[in-house]
Amino acid sequence: MAKKRRIRWDRVALVFLPVLLLILLIIVLHDDNGAGKDGSSLIPGTVSSADSEHSGAMPAQKSADEYVIVLDPGHGGGDGGCTNVDGTRLEKDDNLRIALAVCDALQKYPHVRVEMTRTTDEFVSLDDRCKLANDINADVFVSLHRNSAESGSGIEIWVNSKDNSMDKRLAGYIMELLEDVGISKNRGIREGYRTTFDGDNYAVNRDTNMPSCLVEMGFMTSDTDNTYFDQRLDAYADAIATGIMEYGGDLGIYDAGT
Ligand SMILES: [Zn+2]
């Protein structure tokens with residue numbers, strides 16, 4: 001004889017409740033993504049960061065009337081970069097300070113959007129930095145670092161060793177304006193990679209699809225450079241911002257009137 005089946009509602013609930021919760025969670029997360037995409041006003045310059053990427057929301061794609069600048073403060077989190085002589089000052093902190101100041105200086109320009117690869121002291125991989133810029137089709141990528149050596153001082157700007165005519169122009173504007181502010185030495189616009197040169201490049205120059213450069217804002221091992229960096233931070237930031245804007249304007253990439 002077939003036994004009459006009784007529906008055990010308590011068991012049904014046990015199985016379906018987690019599924020229901022999972023579906024609700026997916027809906028909530030999906031909404032978060034949408035909010036990130038819609039939240040970009042264009043005028044004047046806005047800022048967002050790769051932070052949002054970590055929570056699942058990507059910055060919006062570049063639109064036709066935007067000049068999109070990615071600022072990349074080097075290192076961060078467990079990667080401190082280089083230090084001053086007694087190790088009390090970390091490159092990652094200086095890089096973030098100057099990048100945030102450049103970001104501020106860019107806010108006054110209409111139709112400019114600034115994306116930061118990081119806005120806090122966190123580790124972001126080189127791949128993620130480049131991916132952010134490539135994914136949104138940014139116009140310009142500027143990486144900000146500081147140098148170190150047994151001796152030496154001054155600012156140098158690195159560009160990719162190949163297809164670099166635009167990179168060199170971008171770097172040229174920035175260097176000229178930094179020199180106007182006052183730097184200990186112009187060490188030139190350099191191609192490739194500092195330690196070897198057999199076609200090697202900095203990843204942020206090699207793996208970004210847009211004109212890019214890596215600015216070494218003086219030596220952390222030079223007291224003069226550190227003093228200049230601290231005293232002239234805002235002026236340096238202004239110079240870098242103006243350089244990026246003049247480059248965009250002169251080459252027809254940026255039009256304030258559109
Ligand atoms: Zn560095």
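Author: Strand β4 (140-147) supplies the largest share of the lining of the largest pocket, three residues. Strands (E, at least two residues) and helices (H or I, at least four) are DSSP runs, numbered from the N terminus. A pocket, on a 1 Å grid over the protein atoms alone, is an open set of points where a 1.4 Å probe fits, with protein on both sides within 12 Å along at least five of seven lines; lining residues have an atom within 4 Å of a point. The model is predicted: local features need pLDDT of at least 70 and side-chain atom pairs count only at pLDDT 80 or more, whereas totals for chains, interfaces and linings use all residues. Residues are numbered from 1 along each chain as its sequence is written, and side-chain values use heavy atoms, with hydrogens and water left out.

The volume of this pocket is about 380 Å³, taken as the space filled by probe spheres set on the points, with grid points joined across faces, edges and corners. Its lining comprises 21 residues, and His75, His145, Tyr193, Tyr202 and Leu214 lie nearest the centre. By class, nine lining residues are nonpolar, five polar and seven charged; Ala, Val, Leu, Ile, Met, Phe, Trp, Tyr, Cys and Pro count as nonpolar, Asp, Glu, Lys and Arg as charged, and the others, Gly among them, as polar. Besides β4, at least two lining residues each come from α4 (126-136), α6 (203-206) and β7 (212-219).

Within α4 is Leu132, which is buried, with a relative accessible area of 0%; buried means under 20% (exposed is over 50%, partly exposed in between; 1.4 Å probe, protein chains only). Leu132 and Glu115 are 17 residues apart in sequence, yet their C-alpha atoms are 8.6 Å apart in space.

Strand β4 also runs parallel to β2, joined to it by five bridges; two strands pair if DSSP finds at least two bridges between them. In this pairing, Ile69 stands opposite Val140 of β4. Strand β2 (residues 67-73) has seven of its seven residues buried: Tyr67, Ile69, Leu71 and Pro73 point one way, and Val68, Val70 and Asp72 the other. Five bridges likewise join β2 to the parallel strand β3 (residues 112-116), where Met116 stands opposite Leu71. From β2 the chain crosses through helix α3 (residues 91-106) to β3 in a right-handed β-α-β crossover; with the strands pointing away from the viewer, the path from the first strand over the helix to the second runs clockwise. In α3, 12 of 16 residues are buried, among them Leu96, Ile98 and Val102.
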